[in-house]
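The sequence and model are shown first.

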Amino acid sequence: MAFKAPRGTHDIFSVSALAMSEVEKIAKEIFKRHGFEELRTPIFEDAGLFLRSIGEATDIVSKEMYVFEDKKGRKLALRPEGTAGIVRSFIENRFDLSIPAGKFFYSGEMFRYERPQAGRYRQFNQMGAEYFGNSSPSADAEIMVLASDILSAVGIKDISININSLGCPKCRPLFREALVKYFSSIKDLCVDCQTRLEKNPLRLLDCKIDSDKFTNVPRMTDYLCDGCKTDFNSVQNLLKAAKINFIIDDKLVRGLDYYNRTVFEIRSGALGSQDALAGGGRYDNLVKELGGQDTPAVGFAFGAERVMLAAEKSGFFEKLKERKKVFVAIADQELFEAAFAFSIELARSGKNIAVSGPINGKSLTSQLKFADKIKAAQTIVFAKTEFEKGKIIIKDMLQKTQKEIPLSGFEDL
Ligand code: AMP
């Protein structure tokens with residue numbers, strides 16, 4: 001029986017692996033430039049952490065988590081997103097006491113038992129940033145600048161940045177009340193919406209099934225208290241100052257419970273139904289709710305696979321250059337050791353090349369065929385006559401030319 005990768009997972013290789021590394025490199029550089037430091041947390045955590053932070057009524061927690069018991073009966077879950085683990089670490093490592101403002105970024109695999117389709121997987125990669133200890137709208141704006149700058153650095157142009165404010169515990173209950181009243185008057189809500197109406201009425205706003213039935217829905221922006229209104233205006237002014245185009249999206253609520261005030265989502269016109277590239281927002285109450293000091297926070301994450309899909313459509317992959325491949329071959333078997341030593345030295349030289357060979361026990365013709373197959377740009381041939389003169393032969397595999405260079409010289413490679 002041949003094994004297959006589990007449904008909803010995929011292998012990343014060749015130019016996609018190259019693109020993924022490049023996306024990670026670019027994002028890390030941008031995070032670091034803004035003073036964010038890397039924080040790596042475990043791939044699995046206490047399942048309760050996600051229940052408490054993401055929210056029991058959310059799709060992620062109620063339907064999509066990979067939960068399992070370890071041999072001691074501990075209930076654990078593969079992380080479905082990055083924020084909960086970062087907040088847990090922030091509290092556990094007492095960063096909430098020792099640093100006035102913590103800026104962290106992360107990168108890694110997330111797991112959600114979703115129905116797989118293009119751009120939606122059960123294991124996928126996210127990169128994100130979390131900014132603790134700064135309640136100013138400038139932190140919200142900076143987080144959005146990070147997201148937008150990363151996407152433009154990987155060549156994605158066709159995006160829309162949608163923002164909304166979810167208010168605070170003072171003003172959101174009034175909005176919630178207005179929503180319940182409004183939605184209760186709508187007939188034939190879908191099954192999900194009927195349950196959401198009781199547990200989480202905000203989520204009806206982003207229902208894909210019922211959305212056509214919802215006209216003149218109450219808008220959170222009409223219910224914001226003075227503090228939240230001023231805050232939301234400042235976020236918008238700061239985004240304008242940073243030259244970030246955005247649109248206000250009254251229906252944007254996001255699928256996680258912990259958000260307050262600013263939420264945002266970045267979508268790409270180039271992708272199909274799974275068009276969300278990145279999302280995030282402010283979550284001022286989560287650190288306290290999980291047992292830490294009262295610490296405001298704002299963050300975001302982007303899905304690396306979706307960013308790659310959009311980047312590929314923007315021509316980013318064509319700019320990626322594979323390392324030049326160099327193959328070391330031997331015309332005479334007795335030179336194998338010398339060629340092997342040369343090959344190792346070449347790899348150690350720090351040149352931006354990929355070295356292969358030599359291969360023992362094969363004719364020169366079949367070695368050259370092999371070099372062609374792996375798309376080597378150059379083949380270095382160790383041949384007795386030249387070697388005795390301290391020389392090696394370099395073959396240009398495309399031009400079909402060759403020349404001799406001194407054994408010690410790597411310059412021409
Ligand atoms: P979320 O944590 O749901 O806010 O998602 C943040 C980003 O992660 C989204 O904008 C997507 O780019 C990506 N993402 C979320 N779920 C998936 C999935 N199942 N497969 C691939 N990417 C995903």
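Is Val 154 buried or exposed? Val 154 is buried, at a relative accessible area of 0% (buried is under 20% relative accessible area, exposed over 50%, partly exposed in between, with a 1.4 Å probe and protein chains only). The model is predicted, so local features need pLDDT of at least 70 and side-chain atom pairs count only at pLDDT 80 or more, while totals for chains, interfaces and linings use all residues. Residues are numbered from 1 along each chain as its sequence is written, and side-chain values use heavy atoms, with hydrogens and water left out.

- Val 154 sits in the loop between helix 6 and strand 7 (helices are DSSP runs of H or I of at least four residues, strands are runs of E of at least two, and both are numbered from the N terminus).
- Beyond its neighbours within four places in sequence, Val 154 contacts Val 23, Ile 26, Val 307, Ala 311 and Phe 316 (contact means heavy atoms within 4.5 Å).
- Ile 91 belongs to helix 4 and counts as buried because its relative accessibility is 11%.
- Not counting residues up to four places away in sequence, Ile 91 touches Asp 96, Val 287, Leu 290, Gly 291 and Gly 292.

**Helix 9**

- An α-helix has 3.6 residues a turn, so residues three or four places apart point the same way.
- Lys 243, which follows helix 9, has a positive phi, near 60°.

**Helix 2**

- The buried residues in helix 2 are Ala 47, Leu 49, Phe 50, Ser 53 and Ile 54.
- They cover an arc of only 155° around the axis, which puts them on the same side of helix 2.
- Strand 2 (44-46), helix 3, strand 3 (67-69), strand 4 (75-78), helix 4 (83-92) and helix 10 pack against the buried residues of helix 2.

**Pockets**

- A pocket is an open set of points on a 1 Å grid over the protein atoms alone, where a 1.4 Å probe fits, with protein on both sides within 12 Å along at least five of seven lines; lining residues have an atom within 4 Å of a point.
- The largest pocket has a volume of about 1500 Å³ (the space filled by probe spheres set on the points, which are joined across faces, edges and corners).
- Of its 50 lining residues, Glu 114, Lys 208, Glu 265, Gln 274 and Ala 276 are the closest to its centre.
- Strand 11 supplies the largest share of the lining of the largest pocket, 5 residues.
- The second largest pocket has a volume of about 450 Å³.
- Among the 23 residues lining the second largest pocket, Arg 172, Asn 200, Asp 257, Tyr 258 and Tyr 259 lie nearest its centre.

How values were computed:
The arc is that of the directions from the helix axis to the C-beta atoms.
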